[in-house]
Amino acid sequence: LEDFYRESAMPFALDESLADAAQQSSFSFQVISEQLRDSLTGGNSTGCAALVLKPALLGLELSMQLARFAHEKLGIGAVFSSSFDSGVGLAYTAILGAASDSLPYATSLNKYPHGIGTFQLLAGDTMSPPFRTYVKHDGMLNIAPLARALYGLGLDELRDAFTLDDSDDINDTRQPSNVGSDNYQAVASTSSSGREIKVEVSLPLPFSDEIASSRFTDLPQQSRWSPWLNSVAYLDDGKETEWTLNVRGVQYRWRAVSTLIENPKGIMWESVSGLKNKGVVLFMPSSEDSCLMKVKMSIITPRFLASVFRGTSAFVEDFLENKLLKWSLEMFRDVVKADLALERGDAELGDALFGAVEGKANAIEATLSYTSSIDSLEDKQK
């Protein structure tokens with residue numbers, strides 16, 4: 001290839017040879033990167049312009065690693081290409097390509113069109129709506145809604161995670177934070193794999209533990225103080241509940257089993273299908289008319305996000321700790337205060353409190369409808 005370049009002055013890209021190297025090295029990034037470093041930087045090699053990365057052949061994580069290596073160590077481009085994938089495969093390829101192009105090291109490098117135009121050659125699609133519906137008339141791809149459709153996250157969030165350091169050998173533990181009024185406290189930590197995130201939060205409540213526990217453990221009422229919860233319903237056997245969560249236009253479902261706790265009062269749960277999560281909510285009495293609500297929970301982030309986008313845990317932690325859980329606890333407090341006001345006949349106060357709750361719910365829904373600022377990626381055939 002170097003001889004060809006010297007004779008023709010035409011740059012080349014490494015494509016299928018990368019897949020061959022991956023097979024021969026059992027998909028070891030360390031082995032492949034050393035081979036590329038020796039081949040492309042050890043001599044007078046100047047003709048390689050880019051690595052062509054096929055996630056369907058290389059795998060998602062190795063493709064991402066090689067893209068970063070190409071930008072940061074070799075100073076060349078990274079082109080993501082399909083292998084006649086379905087819409088789902090094309091979506092993953094497109095999002096990786098967009099995230100790769102916005103890495104700091106890539107901004108000063110030549111960028112090439114990614115090879116994701118093969119959808120035009122397929123009669124059907126496994127994706128609904130199909131991948132072609134995200135392609136605009138000018139050939140540009142609406143990458144932001146595509147990213148939200150797959151992950152419930154904006155592309156700029158995925159990009160930011162994509163740029164973080166790969167070292168994740170030790171637990172990432174943050175100090176307790178006080179991020180709101182009325183002494184809301186929170187602390188979070190992440191496992192070394194980056195997949196399991198544990199969060200502990202607490203909030204004082206101006207009513208008794210008996211009232212707090214009885215209201216909170218009425219699980220179908222959960223959507224009243226969690227606007228992103230579409231529904232919580234008991235299944236036929238009465239032992240399991242089905243939860244439907246909506247975040248940024250994407251629905252997640254899971255089933256869970258729960259157990260009531262008497263001393264102190266509370267409830268513990270664990271999912272048995274779908275989104276993996278578990279936790280406990282306790283109501284610690286501080287007086288006859290007040291208590292402290294303490295929540296401990298853990299969630300397993302999807303394997304793809306944890307392994308491909310290193311640092312995903314950072315913004316998932318923040319989203320859980322300072323948004324979803326904070327909002328839930330504050331909304332629960334305010335909804336119960338409004339209920340109690342109406343129950344004792346104070347309609348004016350109850351209506352005012354519910355008005356405030358509705359305003360907060362609308363603000364939360366607006367936040368969860370966030371639109372990414374990165375909204376297009378050139379879509380052309382190679």
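What is the volume of the largest cavity? It is about 50 Å³, and we will visit it at the end of this tour.

**Before you start**

This is a predicted model, in which local features need pLDDT of at least 70, side-chain atom pairs count only at pLDDT 80 or more, and totals for chains, interfaces and linings use all residues. Residues are numbered from 1 along each chain as its sequence is written, and side-chain values use heavy atoms, with hydrogens and water left out.

**Stop 1**

Select residues 16–24, which make up helix H2. Helices (H or I, at least four residues) and strands (E, at least two) are DSSP runs, numbered from the N terminus. Within H2, look for Leu-18, Ala-19, Ala-21 and Ala-22, which are buried. Their arc around the axis is only 160°, so they sit on the same side of H2; the arc is that of the directions from the helix axis to the C-beta atoms. Gln-23 and Gln-24, on the other side of H2, are exposed. Here buried means under 20% relative accessible area, exposed over 50%, and partly exposed in between (1.4 Å probe, protein chains only).

Next, select Ser-26, in the loop between H2 and helix H3 (29–41). Its phi is near 55°, a positive value in a residue other than glycine. Ser-26 has a relative accessible area of 61%, so it is exposed. Phe-27 is found in the loop between H2 and H3 too. Phe-27 is not a glycine, yet it has a positive phi of about 60°; with a relative accessible area of 36%, Phe-27 is partly exposed. Most residues other than glycine have a negative phi, and most peptide bonds are trans.

**Stop 2: a cis peptide bond**

Move on to Asn-263 and Pro-264, which are joined by a cis peptide bond with omega of about -5°. Pro-264 lies in the loop between strand S11 (250–262) and strand S12 (265–274).

**Stop 3: the aromatic cluster**

Now show Phe-207, Phe-216, Trp-225, Phe-283 and Phe-332, a cluster linked by ring pairs. Rings of Phe, Tyr and Trp (its six-membered ring) pair if their centres lie within 6.5 Å; planes under 30 degrees apart count as stacked, over 60 as edge-to-face and the rest as tilted. The count for the structure is nine aromatic pairs. One of them is Phe-216 with Trp-225, stacked because the centres are 6.2 Å apart and the planes at 20°. Phe-216 is buried at 11% relative accessibility, and Trp-225 is buried at 2%.

Phe-283 and Phe-332 form a tilted pair, 6.3 Å centre to centre with 40° between the planes. Phe-283 belongs to strand S13 (residues 277–287) and Phe-332 to helix H11 (residues 312–343), so this pair ties together parts that are 49 residues apart in sequence. Phe-283 is buried at 0% relative accessibility, and Phe-332 is buried with a relative accessible area of 0%.

**Stop 4: the largest cavity**

To finish, select His-71, Gly-77, Ala-78, Asp-101, Ala-106, Leu-109, Asn-110, Lys-111 and Tyr-112, which line the largest cavity. On a 1 Å grid over the protein atoms alone, a cavity is a set of points where a 1.4 Å probe fits but cannot get out, and lining residues have an atom within 4 Å of a point. Grid points are joined across faces, edges and corners, and a volume is the space filled by probe spheres set on the points. The structure holds two cavities of 30 Å³ or more.

Note on methods
1 Å grid on protein atoms, 1.4 Å probe; cavity = no way out; pocket = protein on both sides within 12 Å on 5 of 7 lines; lining within 4 Å.
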